[in-house]
Amino acid sequence: MNMNKRNRSLKHVLESMMQSGAWKLILAEIVMSVVSIWINAKILVWISYAMNDSANALHWIGCIVVGCVANTIIDGLIGYSGLSRHILYTHMMERLLNKTLHADPAFFSSMSPGEVSHACCQLWLVTRSVGTGIRMIKYAITVMINLVMIATLAGAWCVPVILVTSVSGLVLYHANNKWNAIDRELDAVKKRRNVELDETVNGFMEVRSFPGTVQYHTDNIIDSNRRIMKLTRRRQFYTGI
């Protein structure tokens, strides 16, 4: 069931990505990132050449300067391409709005306003996952380019670097799985909290008419907030990794 939901979510994201044109900026960001990573690696090589080839030091220093300037420009363009997430979010929000406004009345009887509101808030998390995917691609490309450069300068270091990179990759994979598990639990708690808060506010008169009901809902919401804070701290630990 969860796999089917993920597949449907991925399908909607890809559709919005293509329809909104966000894919163009995402592709441009990946290409520019690859170029930036390659230039950074080359700068390290040029620094090595400048230190070991004093006769042509000025030439290598010139290459380093040009590389730094090029990277500064590219970084600025990469920052602009980050708008792809906002474009994607806007498009998905408009799709959700259109679907909600034209939905069958039974849709609103099966979901509370709090659940609908929570779904809207989760759209940004969906689009943020696109950024996470881009970062993973950048990481893989960085590793490959660095390995090539290390092999060029000192081939004997390739094996240790590969081992260290593999261990780091396993740690990151484990941390990412833990982050996702905590995030799903956090999302479920937020959803329950938001729904209860919405029902408490909308049913204000009914809540106030029964003894102890106000305290009951207050305690539930406070407990949810504490649980959310605890899970957020745990998630932040894996975010740092």
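Trainee: Is Glu29 buried or exposed?
Mentor: Keep in mind that this is a predicted model. Buried means under 20% relative accessible area. Glu29 has a relative accessible area of 4%, so Glu29 is buried.

Trainee: Which residue forms a salt bridge with Glu29?
Mentor: A salt bridge needs a side-chain nitrogen of Lys or Arg within 4 Å of a carboxyl oxygen of Asp or Glu. For Glu29 the closest N and O atoms of the pair are 2.8 Å apart, and the partner is Arg85.

Trainee: How many residues apart in sequence are the parts that this pair ties together?
Mentor: Glu29 sits in helix H2, residues 22–52. Arg85 sits in helix H4, so the pair ties together parts whose separation in sequence is 56 residues.

Trainee: Does Arg85 count as buried or exposed?
Mentor: The limit for buried is under 20% relative accessible area. Arg85 has 15% relative accessibility, so Arg85 counts as buried.

Trainee: What separates the C-alpha atoms of Arg128 and Arg85?
Mentor: Arg128 is placed in helix H6, and at 35% relative accessibility it counts as partly exposed. Along the chain Arg128 and Arg85 are 43 residues apart, while their C-alpha atoms are separated by 6.9 Å.

Trainee: Which residue forms a salt bridge with Arg95?
Mentor: Arg95 is in helix H4 (residues 83–101), and its partner is in helix H1 (residues 2–20), 80 residues apart. Arg95 counts as partly exposed because its relative accessibility is 28%. The closest N and O atoms of the pair are 3.2 Å apart, and the partner is Glu15.

Trainee: Why does Glu15 count as partly exposed?
Mentor: Partly exposed covers the range between buried, under 20%, and exposed, over 50%. Glu15 counts as partly exposed because its relative accessibility is 25%.

Trainee: What is the N to O distance in the salt bridge of Glu185 and Arg227?
Mentor: Glu185 lies in helix H7 and Arg227 in helix H9 (residues 213–240), 42 residues apart. Glu185 is partly exposed, with a relative accessible area of 32%, and Arg227 counts as partly exposed at 28% relative accessibility. Their side chains meet with an N to O distance of 2.2 Å.

Trainee: How many salt bridges does the count come to?
Mentor: Among them are the pairs Glu29 with Arg85, Arg95 with Glu15, and Glu185 with Arg227. By the 4 Å rule, the count of salt bridges comes to 4.

Trainee: How many helices are there in the protein chain?
Mentor: From the N terminus on, the elements run α-α-α-α-α-α-α-α-α. The chain has 0 strands, and its helices number 9.

Trainee: What percentage of the residues in the protein chain is buried?
Mentor: Ile145, in helix H6, is buried at 14% relative accessibility. Cys63, in helix H3, is buried at 19%. In the protein chain of 241 residues, the buried share is 28%.

Trainee: How far apart in space are Ile145 and Ile37, C-alpha to C-alpha?
Mentor: In sequence, 108 residues separate Ile145 and Ile37. In space, their C-alpha to C-alpha distance is 7.6 Å.

Trainee: What is the C-alpha to C-alpha distance between Cys63 and Ala50?
Mentor: Cys63 is found in helix H3. In sequence, Cys63 and Ala50 are 13 residues apart, and in space the distance is 9.8 Å.

Trainee: What accessible area do the residues of the nonpolar surface patch have together?
Mentor: The patch is formed by Leu58, Ile61, Val65, Val69, Ile73 and Leu77. Leu77 lies in helix H3 (residues 57–81), and it counts as partly exposed because its relative accessibility is 43%. Together the patch residues have an accessible area of about 590 Å².

Trainee: Which helix gives the most to the lining of the largest cavity?
Mentor: The structure holds 1 cavity of 30 Å³ or more, and the largest cavity has about 30 Å³ of space. Helix H6 (113–154) and helix H7 (158–202) are the elements that give two or more residues to its lining. With 4 residues, the helix that gives the most is H7.

Trainee: How many residues of that lining are charged?
Mentor: The lining is made up of Gln122, Leu125, Asp183, Leu186, Asp187, Lys190 and Arg235. Of these residues, 2 are nonpolar and 1 is polar, and the number charged is 4.

Methods
Residues numbered from 1 in each chain as written. Predicted model: local features only at pLDDT ≥ 70, side-chain atom pairs only at ≥ 80, totals over all residues. Heavy atoms only, no water. Patch = residues over 30% accessible without salt bridge, like charges linked within 9 Å, V, L, I, M, F, W, Y side chains within 5 Å. Areas by Shrake-Rupley, 256 points an atom, 1.4 Å probe, with all protein chains shown as cover. Buried < 20%, exposed > 50% of the residue type's maximum accessible area, 1.4 Å probe, protein only. 1 Å grid on protein atoms, 1.4 Å probe; cavity = no way out; pocket = protein on both sides within 12 Å on 5 of 7 lines; lining within 4 Å. Points joined across faces, edges and corners; volume = space filled by probe spheres on them. Nonpolar A, V, L, I, M, F, W, Y, C, P; charged D, E, K, R; others polar.
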